[in-house]
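This report goes through one protein model, from its ring pairs to its helix packing. Keep the structure open while reading.

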Amino acid sequence: MDLYLSTVAAEGIVCPNVAEKLPDVPAAAKAEVDRNLAQLDKQLQEANDRLATSTGQGGPNFIQNAILGPLTDKRAAAIDRISIAIGRVAERPTGLDDLATCSLGDSTAPPQEATPTDQATPGPSDQATPSDQVTPPEQTTVPPATGSATPDPGGGQSADPAAQTIVCPNVAEKLPDVPAAAKAEVDRNLAQLDKQLQEANDRLATSAGEGGPNFIQNAILGPLTDKRAAAIDRISIAIGRVAERPTGLDDLATCSLDDAQNPAEAGLSADDFVDIRDVPKAEQPQAGENASTGTYTSQCGTNRDGHSNTDNLILAPGMSDGAQLRQDYVGNTSTDAFSTNESLAAADTTCRTGDDRSAYFWPTLRVRGSDDASAAGDNTNNAGTPVQPTSVKLEYRGNLTSEVTAAPRFLRMVSGDARAATNGAENARPTFTCTGFTDRLTDKYPICPSGSDLVRVFDMPSCWDGQNLDSADHRTHLVFPDETGACPSGTEAVPQLRMTLTYDDVPTSGDVPYAVDGFASEQNDPSTDHAGAIGVMSQRLMNTVVRCVNSGKDC
């Protein structure tokens, strides 16, 4: 395939050459690499064509926002597909991300792009290869349940983009039953759809007054459609590998503008809060004669060092910003999306004993107020000032019907569902209370009386399948005991982790005084509170935990 060479009157777009930076491409990956190199050529040609017809349009940032920015996004996706294709059969190349950004150059030096490694026919702009990274499922509509947005055929916009949001069709609800073998890949791409929508809405909120009448269509909605088309195609391919490939999903790529309130502000209300004194006392389960009633408490601090990020190593390993909400950590000091079992085992810990390098994490709690917009931080849908707990209790407990056995090192634990407002209550486990009222548990945000502090409680599942450290849905390898406290057949009881966070500085007045971070589509619903942990204890310490729990001691 010939290089695309284009010149514009005084300037053209110049992109780094990707092909010359690649290692030897294995034969098994060659066709896919060639297809995406050709796609890079096509993207550059289209951008230069757009540049040639844009003379006099927009303000000083028009070319960057409407042409170069979208081009960078498309190139990044194609380059990522190249890396993934090679990585399936050989060592995945590194350092290619830096080649996505292009710039304006003088026409005497025509813009160059990668030459495919062999003759190749450019695929459609949304041609994509599935990723092997795992991410949770996501509803890709803001606000949720809009279902079938119709794009504005004129690409028009109101005078106030900040008062609008972008609405996209819901992909998750249009899917057939997803086979277990495809679930991790489908979940990752559903989460990507949500991330793409969030980024587009962030861009919309900061674009007031930019460009001409078609600016939003060209600079925001058009690139968003391209990204969504690629993610939707990856979902179809993933399902098609193990079942009948779904049809009709292509129509879900296009989004449109909708005049609406900020979904986080629209969704959270006084109805999500309850006075703890109005909550009935909870029935306490009774331990059987063979119960293991001891405890072991690991002292790991309260994250005063500010170890926080928007990653989720369990649900979205290898994906920066995979959580799309801020997580706070104690224990292992290195935890992020790119941690491995080996890096966790080698890292420092905030725990009092160095034998516990476990990673413990939960969504940030934010205090709401009049300065929410300026305090939104890393996610404008999660407004408010982050606050850290004043105490964090990490307690390993027993089983109501039996003794416990040692949990394996690097066991992944998840409690709750970050998308419970969308997915329903099946996996939701929000548990809030207040000091002095801990026999009253609620799934709403509690309002605590004067002198009483807010408490969040996370009980982890504790019935292990005896084989796996994780599972495709992150739930079937480690499940909760049944109503009697017994572990299901085929599982064995391991020490149950209970994480108890106490806050003494959250307000008790106002319609929505505080909330936990969440996905944009979930509107900070209290049902979405959740937590995770990866056990990285030494065998010696785990044996101590088991001994304390089974002997009835509090260690």
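## A buried aromatic cluster

Phe 273 and Tyr 445 are both buried in this model, which is predicted. Their ring centres are 5.1 Å apart and their planes meet at 40°, so this pair counts as tilted. Because Phe 273 belongs to strand 5 (residues 273-275) and Tyr 445 to strand 15 (residues 445-447), the pair ties together parts that lie 172 residues apart in sequence.

Tyr 445 also pairs with Tyr 514: the centres of these two rings are 5.4 Å apart and the planes stand at 65°, so the arrangement is edge-to-face. The cut-off for that label is an angle over 60 degrees. Tyr 514 is in strand 21 (residues 514-516), and this pair again links distant parts of the chain, 69 residues apart. Tyr 514 is buried, as is Tyr 445. Through ring pairs, Phe 273, Phe 432, Tyr 445 and Tyr 514 form a cluster. The count of aromatic pairs comes to five.

## Charges over rings

Which residue lies over the face of Phe 519? That residue is Arg 419, at 3.4 Å from the ring centre.

A second case involves Phe 480, whose ring has the charged end of Arg 429 over it, 3.5 Å from the ring centre.

## Helix packing

Two packed helices are described by the angle between their axes and by the distance between those axes. For helix 2 (residues 62-87) and helix 4 (residues 215-242), the angle is about 5° and the axes are 9 Å apart. Angles under 35 degrees count as roughly parallel, so helix 2 is roughly parallel to helix 4. On the helix 2 side, the contact is made by Phe 62, Asn 65, Ala 66, Pro 70, Asp 73, Lys 74 and Arg 81. On the helix 4 side, the residues are Phe 215, Asn 218, Ala 219, Pro 223, Asp 226, Lys 227 and Ala 230. Sorted by class, this contact has seven nonpolar, two polar and five charged residues.

Helix 1 (residues 27-52) and helix 2 have axes that come within 9 Å and cross at roughly 175°. Helix 1 is therefore roughly antiparallel to helix 2. Their contact has 16 nonpolar, three polar and six charged residues. How do helix 3 (residues 180-205) and helix 4 cross, and within what distance do their axes come? The crossing is at roughly 175°, and the axes come within 8 Å. Helix 3 and helix 4 are therefore roughly antiparallel to each other. The contact of helix 3 with helix 4 has 18 nonpolar, two polar and eight charged residues.

## A loop residue

Pro 176 is found in the loop between strand 3 (164-167) and helix 3. Its relative accessibility is 37%, so Pro 176 counts as partly exposed. The C-alpha atom of Pro 176 is separated by 9.5 Å from that of Glu 244, although these two residues are 68 residues apart along the chain.

## The whole protein

The protein has eight helices and 22 strands. It has 555 residues, of which 52% count as buried.

How many of the contacts between residues at least 6 apart in sequence join residues at least 24 apart? The share is 80%.

Definitions and conventions: Residues are numbered from 1 along each chain as its sequence is written. This is a predicted model: local features need pLDDT of at least 70, side-chain atom pairs count only at pLDDT 80 or more; totals for chains, interfaces and linings use all residues. Side-chain values use heavy atoms; hydrogens and water are left out. Rings of Phe, Tyr and Trp (its six-membered ring) pair if their centres lie within 6.5 Å; planes under 30 degrees apart count as stacked, over 60 as edge-to-face and the rest as tilted. Helices (H or I, at least four residues) and strands (E, at least two) are DSSP runs, numbered from the N terminus. Buried means under 20% relative accessible area, exposed over 50%, partly exposed in between (1.4 Å probe, protein chains only). A charge sits over a ring if NZ of Lys or CZ of Arg is within 6 Å of the ring centre and within 35 degrees of the ring normal. Axes are lines fitted to C-alpha atoms, for helices over the stretch in contact, and angles run from 0 to 180 degrees between N-to-C directions. Angles under 35 degrees count as roughly parallel, over 145 as roughly antiparallel, 65 to 115 as roughly perpendicular and the rest as oblique. Contact means heavy atoms within 4.5 Å. Ala, Val, Leu, Ile, Met, Phe, Trp, Tyr, Cys and Pro count as nonpolar, Asp, Glu, Lys and Arg as charged, and the others, Gly among them, as polar.
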